[in-house]
Amino acid sequence: MRLANNHEDSYRHKSDTFQIAEVAKDQVAQLKIAIVVSRFNTDITSTLYNATYEKLIELGLESSNINTTWCPGAFEIPVIAKSLADTGKYDTIISLGAVIRGETWHFELVANQCAVGIMNAATATKVPIIFGVLATDNLQQAIERSSKDHFDTGSVAAESAVEMALKIKEITHQK
Ligand code: INI
């Protein structure tokens with residue numbers, strides 16, 4: 001497996017593509033991945049979801065090995081992600097959401113607790129939980145971060161999920 005991910009800046013460049021060696025492709029076909037996606041700001045989260053799903057299929061996942069759970073908002077993502085991780089059925093969980101800044105504190109509370117909850121669930125279960133939850137100042141930024149022509153966060157989340165699933169298997173020698 002070759003991963004070109006030495007960034008000169010904090011953004012993933014278009015040319016910085018994820019590649020899986022032939023030898024890893026049959027391993028990818030065995031992976032089981034769960035996606036938890038929130039409905040709040042659903043235009044954005046649906047875009048993230050479609051990109052994630054398409055990229056997983058492109059990378060070699062079987063559609064029958066992809067489980068999708070929708071939830072109300074980003075605040076609810078951690079409990080769903082933890083519940084999915086606790087089943088022991090999935091190699092990686094992908095979380096997708098969109099938190100857009102408003103005029104109150106609500107943004108901070110939802111965005112921060114979502115991030116902390118996801119990290120706590122991942123470290124507690126040792127199942128990687130990919131953080132595909134956008135936290136942006138406005139709708140335009142969320143559109144750019146989710147769009148396939150810009151940051152394409154959904155595809156990046158899918159690539160990160162496959163990379164992490166293979167890596168954890170390698171570390172724990174469970175091929
Ligand atoms: N949920 C989001 O996913 N994004 C948001 O931008 C957002 N804002 O701004 O309020 C949001 N709120 C809902 C929250 O996630 C919970 O679903 C709700 O509070 C019920 O627990």
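The model is predicted; local features need pLDDT of at least 70, side-chain atom pairs count only at pLDDT 80 or more, and totals for chains, interfaces and linings use all residues. Residues are numbered from 1 along each chain as its sequence is written.

The protein chain contains 6 helices and 6 strands. Helices (H or I, at least four residues) and strands (E, at least two) are DSSP runs, numbered from the N terminus. In that direction the order of elements is β-β-α-β-α-β-α-β-α-β-α-α. The chain has 175 residues, and 42% of them count as buried. A residue is buried if 20 or more other C-beta atoms lie within 10 Å of its own, exposed if 12 or fewer, and partly exposed in between; C-beta atoms are placed from the backbone. Contacts require C-beta atoms, placed from the backbone, within 7 Å of each other. Among contacts in the protein chain with a separation of 6 or more, 74% join residues 24 or more positions apart.

The ligand is surrounded by 16 residues, the closest being Phe 40, Gly 73, Ala 74, Phe 75 and Val 99. Strand E5 (92-100) and helix H4 (106-125) are the elements that give two or more residues to this shell. E5 supplies the largest share, 4 residues. By class, the shell holds 9 nonpolar, 6 polar and 1 charged residues. Here Ala, Val, Leu, Ile, Met, Phe, Trp, Tyr, Cys and Pro count as nonpolar, Asp, Glu, Lys and Arg as charged, and the others, Gly among them, as polar.

Helix H6 covers residues 153-172. Its 20 residues should span 28 Å at 1.5 Å a residue, and its end C-alpha atoms are 28 Å apart, which agrees. The expected span is 1.5 Å times one less than the number of residues. Of the 20 residues of H6, 14 are buried, so the helix is largely enclosed by the rest of the structure. Just after H6, His 173 takes a positive phi of about 60°.

Most residues other than glycine have a negative phi. Asn 41 is not a glycine, yet has a positive phi of about 55°. Asn 41 lies in the loop between strand E3 (33-38) and helix H2 (42-59). Asn 41 counts as buried because 21 C-beta neighbours lie inside 10 Å. Lys 126, also not a glycine, has a positive phi of about 60°. Lys 126 sits in the loop between H4 and strand E6 (129-136). Lys 126 is exposed, with 10 other C-beta atoms within 10 Å.

How values were computed
A residue is near a molecule or strand if its C-beta atom, placed from the backbone, lies within 6 Å of it. Two residues are in contact if their C-beta atoms, placed from the backbone, lie within 7 Å.
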